[in-house]
Amino acid sequence: MSDLQTPLRPKRKKDLVDYLVNFRWILVIFVVLPVSFTIYFLIYLGDVKSAMKSEKRRQKEHDENVKKVVNRLKQRNPKKDGLVCTARKPYIAVGMRNVDYKRARHFEVDLSAFRHILEIDKERMVAKVEPLVNMGQITRATVPMNLALAVVAELDDLTVGGLINGYGIEGSSHIYGLFSDTVVALELVLADGRVVRATKDNEYSDLFYAVPWSQGTIGFLVSAEIKLIPVKEYMKLTYTPARGNLRDLAQAYADSFAPRDGDSAKVPDFVEGMIYNPNEGVMMTGRYASKEEAKQKGNVINSVGWWFKPWFYQHAHKALTKGEFVEYIPTRDYYHRHTRCLYWEGKLILPFGDQWWFRWCFGWLMPPKVSLLKATQGEAIRNYYHDRHVIQDLLVPLYKVGEALEFVHREMEVYPIWLCPHRIFKLPIRTMIYPEPGFEHHQRQGDTSYAQMYTDIGVYYAPGPVLRGEEFDGVEAVRRLEDWLIKNHSFQPQYAVSELNEKNFWRMFDGGLYEQCRKKYGAVGTFMSVYYKSKKGRKTEKEVQEAEQAIAEPAYAEES
């Protein structure tokens with residue numbers, strides 16, 4: 001077993017911010033939850049109103065809104081207006097990264113009208129949607145038809161635009177890849193006002209491959225056509241306990257969905273793992289099941305979406321005491337199983353939110369909107385979370401998951417940890433993220449000739465040292481994590497707080513195609529670069545001017 005000893009750290013004196021964080025639940029209960037519920041309800045009414053319109057009407061309104069975006073772009077004076085970005089408030093984004101670029105000079109374009117499902121095409125098995133359509137909205141429309149997006153990100157509030165321009169994953173990604181891999185076509189407004197449709201095999205195929213992970217810095221996404229798959233009414237979910245050291249847990253996780261004999265019939269429809277401590281975890285595998293099968297005598301149906309139900313990660317933990325068990329969960333409930341408790345972050349936000357009395361009396365108000373949590377936290381609390389909290393996803397090759405878990409334990413000691421497998425496909429052109437060169441020759445577990453199996457290691461919670469009242473340098477921990485990712489051909493989603501400088505950013509990501517498209521389609525000097533947009537901290541006036549006057553230079557990369 002590898003040495004998992006964590007460093008000894010001195011005790012830290014509490015300050016005022018510690019008490020503000022500890023008693024933040026008061027503000028959450030009396031302000032954030034009621035306002036969140038009201039917003040959710042108003043959004044739901046808007047979705048219902050939109051669904052009542054004909055597809056022809058929705059498409060007409062869409063075309064009119066696209067024209068407004070084009071006209072707004074043409075109003076910009078490059079000599080005195082700033083770089084272009086959306087008019088969305090900085091705190092609206094679900095990610096934890098500070099949206100500090102909007103505190104500098106910028107030229108806003110309002111995309112708030114793009115929140116409608118334009119078409120569900122059952123013949124082509126494609127959903128055409130606008131970028132602000134979220135996962136809760138799309139599953140409400142498709143699941144009753146026994147259809148779903150091939151990859152449905154777990155949290156209701158995650159939007160199509162964010163999942164394409166950034167990154168998105170779900171328990172089906174070991175089959176279909178990341179959310180962006182399920183896209184059929186993109187409708188984009190470019191810097192010069194042109195409206196184009198990009199697919200993998202038309203004249204804009206370079207744009208099609210360059211947009212994912214670009215954070216909206218090549219053009220404005222105004223609609224997307226996304227792959228649909230047939231689904232059934234229930235998910236048959238098997239909870240399997242695993243014990244051993246972290247490498248043993250990593251192997252049990254790999255074996256749960258990637259059979260060593262390569263038999264595809266053994267591959268489940270959905271997979272996730274939860275590591276609860278350095279020696280215990282639960283692996284969950286799901287297969288779609290019909291209503292008739294689920295309701296057979298002796299089967300257990302668990303509607304986990306009800307407000308009074310135990311939080312999902314705590315429910316799954318029962319497998320460690322009762323052993324392996326199987327239950328049937330309504331498909332839409334399963335898709336959004338982590339929404340009410342925001343994975344396990346809800347336990348920190350509302351320490352008693354998982355108690356039976358709170359769930360029964362107030363669970364219907366959950367979850368708080370992440371945007372409202374961010375809007376009400378203030379600068380001091382925001383900095384506290386950056387320094388003494390971890391919200392990171394690590395995209396790591398499957399065969400390195402055990403090593404990565406040991407690294408996270410030594411540096412951060414955060415539990416639970418979420419595991420979700422996903423493919424990175426070998427594409428005809430190298431994109432910002434790509435599989436290890438020559439991976440197909442090693443024939444490792446989970447890999448195929450056309451895709452390498454990766455895993456999203458989700459690290460979300462207060463580190464052990466912080467919970468024990470010890471010193472913890474979050475900035476240095478994230479820097480060491482990023483160094484490890486670069487050395488191990490792994491990736492850090494850009495929603496997270498990053499300490500990468502520009503040189504290391506382009507060591508982690510491949511900027512060749514991205515910079516080529518920014519130059520070709522006039523994004524340089526109009527839209528900010530992805531590094532500039534992701535960079536932590538407020539932008540100086542010098543940085544703003546350099547970005548606005550930028551000339552197209554290829555992103556560089558150095559061998560580690």
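Trainee: Which residues in H2 are buried?

Mentor: This is a predicted model, in which local features need pLDDT of at least 70 and side-chain atom pairs count only at pLDDT 80 or more, while totals for chains, interfaces and linings use all residues. Residues are numbered from 1 along each chain as its sequence is written, and side-chain values use heavy atoms, with hydrogens and water left out. Buried means under 20% relative accessible area, exposed over 50% and partly exposed in between (1.4 Å probe, protein chains only). By that rule, the buried residues in H2 are Arg 24, Val 28, Val 32, Leu 33, Ser 36, Asp 47 and Ser 50.

Trainee: Where in H2 does the kink lie?

Mentor: Helices (H or I, at least four residues) and strands (E, at least two) are DSSP runs, numbered from the N terminus. H2 covers residues 24-52 and reaches 40 Å from its first C-alpha to its last, close to the 42 Å expected, where the expected span is 1.5 Å times one less than the number of residues. The bend at a residue is the angle between axes fitted to the seven residues ending there and the seven starting there. On that basis there is a kink of about 35°, shortly before Pro 34, and its place is Val 32.

Trainee: Which residues does Glu 403 touch?

Mentor: Glu 403 is found in H17 and is partly exposed, with a relative accessible area of 32%. Contact means heavy atoms within 4.5 Å. Not counting residues up to four places away in sequence, Glu 403 touches Arg 247, Trp 484 and Asn 488.

Trainee: Which residues have the most contacts inside the largest nonpolar core?

Mentor: A nonpolar core is a set of buried Ala, Val, Leu, Ile, Met, Phe, Trp, Tyr and Cys residues joined through side-chain atoms within 4.5 Å. The largest one has 141 residues. Those with the most contacts inside it are Tyr 239 and Ile 457.

Trainee: And how many residues are in the other core that lies apart from it?

Mentor: Among its members are Val 69, Val 70, Phe 114 and Val 189.

Trainee: Why is the pair of Tyr 343 and Trp 418 called edge-to-face?

Mentor: Rings of Phe, Tyr and Trp (its six-membered ring) pair if their centres lie within 6.5 Å; planes under 30 degrees apart count as stacked, over 60 as edge-to-face and the rest as tilted. By this rule there are 36 aromatic pairs. For Tyr 343 and Trp 418, the centres are 5.3 Å apart, and the pair is edge-to-face because the planes stand at 65°.

Trainee: Where do Tyr 343 and Trp 418 sit in the chain?

Mentor: They link distant parts of the chain, 75 residues apart, and both Tyr 343 and Trp 418 are buried. Tyr 343 is in the loop between helix H12 (331-335) and helix H13 (346-349), whereas Trp 418 is in strand E14 (residues 417-425).

Trainee: The charged end of Arg 337 sits over the ring of which residue?

Mentor: A charge sits over a ring if NZ of Lys or CZ of Arg is within 6 Å of the ring centre and within 35 degrees of the ring normal. Lys 322 does this over Phe 325, at 4.3 Å from the ring centre. For Arg 337 the distance is 4.1 Å, and the ring belongs to Tyr 334.

Trainee: What is phi of Leu 342 near?

Mentor: Most residues other than glycine have a negative phi, and most peptide bonds are trans. Leu 342, in the loop between H12 and H13, is buried, with a relative accessible area of 11%. Its phi is positive, near 50°.
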